[in-house]
Amino acid sequence: MRYRMTFAVGMAVGYVLGSRAGRERYEQIKKMAQRVADDPRVQEAAGVVGAQVSKVAGVARDRVGGTLQEKIPFLGGQDHDSGTGWPEDTAGQKKPDETGIPY
């Protein structure tokens, strides 16, 4: 379904950009597209799809993020070497959670 919708949108955009029908046809297509986009059913479907994508992205981020942090040392955050060969100078430096910023 997603690929069909992407294909249809691509066809519409290609037609509009490549059309030789002139400004009048362009305005007609633009009005029709605006009506479709403003339709409450389309808005509701877009909201549902957006929520599902956010949920799936969160799950994927958790799964992949944990795996990557185990495999790539600098993604783990805490105990990694800077790569310069010099010892870490932590005297006088605050950790990010000690800045007093509430977020």
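Here are a few friendly notes on the predicted model shown above.

1. Ground rules. This is a predicted model, in which local features need pLDDT of at least 70, side-chain atom pairs count only at pLDDT 80 or more, and totals for chains, interfaces and linings use all residues. Residues are numbered from 1 along each chain as its sequence is written, and side-chain values use heavy atoms, with hydrogens and water left out.

2. Confidence. The mean pLDDT (the predictor's confidence in each residue, from 0 to 100) is 75 for the chain, and 64% of the residues score at least 70. Helix 2 (residues 23–38) has the highest confidence, at 87, while helix 4 (residues 73–76) has the lowest, at a mean of 62. Where pLDDT is low, the predicted coordinates should not be read in detail.

3. Fold. You will find four helices and zero strands; these are DSSP runs numbered from the N terminus, with helices being H or I of at least four residues and strands E of at least two.

4. Burial. Only residues under 20% relative accessible area count as buried, those over 50% are exposed, and those in between are partly exposed (1.4 Å probe, protein chains only). Of the 103 residues, 3% are buried.

5. Helix 1. V13 sits in helix 1 (residues 2–18) and is partly exposed because its relative accessibility is 43%. Together with M1, M5, V9 and L17, V13 forms a nonpolar patch on the surface.

6. Salt bridge. There is one salt bridge (a side-chain nitrogen of Lys or Arg within 4 Å of a carboxyl oxygen of Asp or Glu) in the structure. R41 and D39 form this contact at 3.0 Å, N to O, and R41 is exposed, with a relative accessible area of 65%.

Notes: Patches are made of residues with over 30% relative accessible area and no salt bridge: like charges are joined within 9 Å, nonpolar side chains (Val, Leu, Ile, Met, Phe, Trp, Tyr) within 5 Å. Accessible areas come from the Shrake-Rupley method with a 1.4 Å probe; for residues, only the protein chains shown count as cover.
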